[in-house]
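Subject: Handing over the model

Hello,

Here is the structure I promised to pass on to you. Please open it alongside this email, and then read on for what turned up in it.

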Amino acid sequence: ESIGPAQVELESLYQATKIAQLPGFSEILQWTRLPVLPTARAIAQVIQYLSLEHTGKGVLAVDVGGAAVTIAAARAGQVRLHVRSDVGTALDSRNILQTRGLDNITRWLPFEPEPGEIESVVTQRQVHPASMTLDSRQLLIEQAIAREALRVTLAEARTNWPADLLGGGPSPAAGSARTTEYTRTTEYTRTLMPYLEPIIGGGSTLGRAPRPGQAALMMLDALEPVGVTTLVLDAGGLLPALGACAMAQPLATVQTLDSGGLLTLGTVVTPVGRARIDETILGLKIKYESGGDLEVEVNYGSLEVLPLPLGQKAILELKPRRMFDIGRGPGRGGKPLEVQGGLVGLIIDARGRPLALPKNVGKRRERIQRWLWDIGA
């Protein structure tokens, strides 16, 4: 289906009905000859540009805000935009709690919440949506709610992603003899994510996370990327502004993106396959641009962060074990990669795809806490 024209008409109706009701909006319209863009459409314009710059893979941006969750995916200039205005992490956090259930929220917590504690946090966020959270337990609860809001929005958005838009990814049967390097089947699009480069996170929940590791872990848990990709954080909420600016000064938008307007959290390596917990599945060697080498063996089920600071580069050699895929086919490491440093570092996510949490409550909380420590959250 070609839904682009329908989206344009819906945006026009949205602008003529809802946005036009905002106090002072008619006066603002007189200040410019250009149209006022909804936030989601402005983000989509930037992602469309980035998809033309990063050929061969899809580009993904997620905006997790207090009033809505937006997901924009693009490849080779083709954009798919999805907005959920009923699962904002502040104003609509009670909707998330009701639709996803208490168990899905608590599964991301490293502690046992007190009776009524999660409901209290939800109420406080609804009453004070712009407030900053200082309590560590409350912060972890809010971030657990954000994970579920992003996961449910992503699941909906992916139903509108044609296989030829974002390209292939690892087979859902990765780890078996039938594994292929790329697959474009309908079965695939309902399971593992495609290969994406980069993945950009923004919105108040991700952008204002107290530590970069918290933002990175929320994105990893909710999006479950595969292969090798880069996590980027829009901490200043630039994407909507840049998308609007591009209509008048496109060069300014390009210069801002190229000059570090977005913060790199780090390169992520996610081998896809199945093994026993603590079994070695990946060997890697880092050659730092500043000098020195580091060799590491990665075990299945682990989440590791290796030192690679922001602004530094390194050459990464990967040697996945047989039947594990990092985007080049089962057991294939391919040529060495040049990777960029980030606020978190080089992240090795060997927890498996799809991500499976332990059913035992005690073991699950212990593992969640370990992941928080490992990534510096």
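Below are some notes on cavities, rings, charges and a few backbone details.

First, this is a predicted model, where local features need pLDDT of at least 70 and side-chain atom pairs count only at pLDDT 80 or more, while totals for chains, interfaces and linings use all residues. Residues are numbered from 1 along each chain as its sequence is written, and side-chain values use heavy atoms, with hydrogens and water left out.

**Cavities**

The structure contains 5 cavities of 30 Å³ or more. A cavity here is a set of points, on a 1 Å grid over the protein atoms alone, where a 1.4 Å probe fits but cannot get out; lining residues have an atom within 4 Å of a point. Volume is the space filled by probe spheres set on the points, with grid points joined across faces, edges and corners.

The second largest cavity holds about 50 Å³ of space. Its lining includes Trp 108, Leu 140, Arg 147, Asp 221 and Trp 371. Helix H7 (136-158), helix H11 (212-223) and helix H14 (361-374) are the elements that each give two or more residues to this lining. Helices (H or I, at least four residues) and strands (E, at least two) are DSSP runs, numbered from the N terminus. By type, the lining has 7 nonpolar residues, no polar ones and 2 charged.

**Rings and charges**

How many aromatic pairs does the structure hold? There is 1. The ring centres of Tyr 300 and Phe 324 are 6.1 Å apart and the planes are at 65 degrees, so this pair is edge-to-face. (Rings of Phe, Tyr and Trp, the last by its six-membered ring, pair if their centres lie within 6.5 Å; planes under 30 degrees apart are stacked, over 60 edge-to-face and the rest tilted.) Tyr 300 is in the loop between strand E8 (293-299) and strand E9 (303-306), and Phe 324 in the loop between strand E10 (313-320) and strand E11 (337-340), so the pair ties together parts 24 residues apart in sequence.

Tyr 300 is buried at 12% relative accessible area, and Phe 324 is buried at 4%. Buried means under 20%, exposed over 50% and partly exposed in between, using a 1.4 Å probe and protein chains only.

Two arginines sit over rings: the charged end of Arg 137 is 4.0 Å from the ring centre of Phe 111, and Arg 351 lies over the face of Trp 371, 4.5 Å from the ring centre. The rule asks for NZ of Lys or CZ of Arg within 6 Å of the ring centre and within 35 degrees of the ring normal.

**Backbone details**

A cis peptide bond joins Glu 197 and Pro 198, with omega about -5 degrees; Pro 198 lies in strand E4 (residues 196-202). Another cis peptide bond joins Arg 353 and Pro 354, where omega is also about -5 degrees. Pro 354 falls in the loop between strand E12 (346-349) and H14.

Ala 76, a residue other than glycine, has a positive phi near 55 degrees. Ala 76 is exposed, at 55% relative accessible area.

Happy reading!

Note on methods: On a 1 Å grid over the protein atoms alone, a cavity is a set of points where a 1.4 Å probe fits but cannot get out, and a pocket is an open set with protein on both sides within 12 Å along at least five of seven lines; lining residues have an atom within 4 Å of a point. Ala, Val, Leu, Ile, Met, Phe, Trp, Tyr, Cys and Pro count as nonpolar, Asp, Glu, Lys and Arg as charged, and the others, Gly among them, as polar.
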